[in-house]
Amino acid sequence: MSDRLLNFSAGPGTLPLSVIEQAREDLLSIGEAGAGICEISHRCKTYDEVHDGTIAHLKRLLGADDDWELLFVTGGASSQFFQIPMNFGGDADYVVTGTWAKKAAAEAKHFGSPRIAASSEETKFDRIPSELDLNPDARYLHLTTNNTVAGTQWHELPRSGAPLVLDVSSDILSRPFSLEGVSLLYAGAQKNLGPAGTTLVLVRKDFLASAKDDLPTMLSYKTHAAKGSRYNTPPVFPIYMVGLVAKWIEAQGGVAAMGERNQRKADALYAAIDGHDLYQGCAEVGSRSQMNVTFRLSDTSREAEFIAKAAEQGLAGLKGHRSVGGIRASIYNAMPEEGVAKLVEFMKEFAGA
Ligand SMILES: *Cc1c(COP(=O)(O)O)cnc(C)c1O
């Protein structure tokens, strides 16, 4: 496995090695099917088990009971930006905490008059806004729980009385999480769940019942709920992979264990940033993300050298998002603690040199 680097990429992100190894086998032949996972019917018995098993597993990990539908749709998290207001109306509150949140708010304009309840754009999204102008009568309140580009995260969600709709693309299943007050959450798979190609949508059945009916078939959540996410051919391989990742999380001790491990990883990395003048965290301390750790070098002209030297040591994917530059270490569930320890070691060496 010496050709596999420690991958700090923000997405698609690193996956557990045991999951990749299982997939390698199942690509050739899965179960009794006599064919690989990408070649079997999405209505055969082997796939029934994969599909239904994945949904059941994820619902357990998310703490979602029979009041919830878990759907797999396509088009990435970006398609949820319009699909949500298309189904529920766009007269909603949006908190603009980053690039993705801003895009989500912009799409809602096609279906209503979204309000910006708060924005931290003026300070380059370096924080979660503390002052919110919330409308309890809004159709919903949309938040991005973790801001993948800026490296900030909500540590406690605000409540307005309006149903909460959450983009959890980059921190789903990374820590214990309460569904109280939540009506819908969604996540593109490729950050913390699996490969690109499917988007998980968890929606409360009573909220779903309030969705519009007169919509293009494929864009209506009700279609996918009625058919168990098999109205048409689902993205079989990504769903299968998400199922393996869910099993892996459970084997690691579930989301509680993930949360503790992720906390230790983030603490170690932020301590390395705060421990040397060469490094400057981008996010305000109280808003720091446990998943995407962003920082600059006080001498920004050395950032390219930092990234190149890190790569020489097998530490890959550390370049910040193209819109902001700097350094970003994405430390999703599948990044082992030893990987973060190696990065911390490298940072100390680089700062001392
Ligand atoms: C990556 C990301 C998106 C966009 O996901 P796609 O699946 O590429 O459309 C949306 N929201 C957040 C928080 C993200 O991290």
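What follows looks at a sheet, the helices beside it, and then the cavities. Keep in mind that this is a predicted model.

Start with the open sheet, where 3 strands line up in the order 11-12-14 with antiparallel pairing. Strand 11 (279–281) and strand 14 (327–330) sit at the edges with a single partner strand each, so one side of each has no neighbour in the sheet. From one strand to the next, the twist averages 35 degrees. Look now at strand 12 (residues 292–297), which is joined to strand 14 by 4 bridges. Across that pairing, asparagine 292 stands opposite serine 330 in strand 14.

Helix 10 (residues 337–352) lies across strand 11, strand 12 and strand 14, and runs at about 130 degrees to strand 11.

The largest holds about 50 Å³ of space, and its lining includes Thr14, Lys191, Trp248 and Tyr332. That lining divides into 7 nonpolar, 4 polar and 1 charged residues. It draws at least three residues from each of domain 1 (17–251) and domain 2 (254–352).

The second largest cavity has about 30 Å³ of space. Among the residues lining the second largest cavity are Gly98, Trp100, Asn147 and Val149, and its lining divides into 3 nonpolar, 5 polar and no charged residues.

Definitions and conventions
Residues numbered from 1 in each chain as written. Predicted model: local features only at pLDDT ≥ 70, side-chain atom pairs only at ≥ 80, totals over all residues. Heavy atoms only, no water. 1 Å grid on protein atoms, 1.4 Å probe; cavity = no way out; pocket = protein on both sides within 12 Å on 5 of 7 lines; lining within 4 Å. Points joined across faces, edges and corners; volume = space filled by probe spheres on them. Nonpolar A, V, L, I, M, F, W, Y, C, P; charged D, E, K, R; others polar. Domains from an automatic or database assignment. Pairing = 2+ DSSP bridges. Helix = DSSP H or I, 4+ residues; strand = E, 2+ residues; numbered from the N terminus. Axes fitted to C-alpha atoms, helices over the stretch in contact; angles between N-to-C directions. Contact = heavy atoms within 4.5 Å.
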